[in-house]
Amino acid sequence: MESDARPETHYTYRLAWSAEDGEFVATCAEFPSLSWLASSQIEALNGLTEVLREVVADLAEQDAAG
């Protein structure tokens, strides 16, 4: 089985307007502690997927080491 070069595509994302923050917030159902605020929906999603890419890489590294 071939590994996916973009594991962040395997998750469920939500984009919503945050009236409290005055920006869009992107969240991920599988990682509820992660979120990203930005002035546009695209920026919020891009920011969150970048963070998620790093988190998934860190988790894979820890799994390989442990």
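Two strands pair if DSSP finds at least two bridges between them; helices (H or I, at least four residues) and strands (E, at least two) are DSSP runs, numbered from the N terminus. The model is predicted: local features need pLDDT of at least 70, side-chain atom pairs count only at pLDDT 80 or more, and totals for chains, interfaces and linings use all residues. Residues are numbered from 1 along each chain as its sequence is written, and side-chain values use heavy atoms, with hydrogens and water left out.

**Exercise 1.** Describe the sheet and find the bridge partner of valine 25 in E3.

Solution.
1. The sheet is open, has 3 strands in the order E1-E2-E3, and its pairing is antiparallel.
2. Strand E1 (13–18) and strand E3 (31–38) are the edge strands, each pairing on one side only.
3. Strand E2 (residues 23–28) and E3 run antiparallel and are joined by 5 bridges.
4. Within E3, leucine 37 is the bridge partner of valine 25.

**Exercise 2.** Locate the salt bridge and describe its setting.

Solution.
1. The structure holds 1 salt bridge, meaning a side-chain nitrogen of Lys or Arg within 4 Å of a carboxyl oxygen of Asp or Glu.
2. The partners are arginine 53 and glutamate 50, with their closest N and O atoms 2.4 Å apart.
3. Both lie in helix H1 (residues 41–65), 3 residues apart, so about one helical turn separates arginine 53 and glutamate 50.
4. Arginine 53 is partly exposed at 32% relative accessibility, and glutamate 50 is partly exposed at 35%. Buried means under 20% relative accessible area, exposed over 50%, and partly exposed in between (1.4 Å probe, protein chains only).
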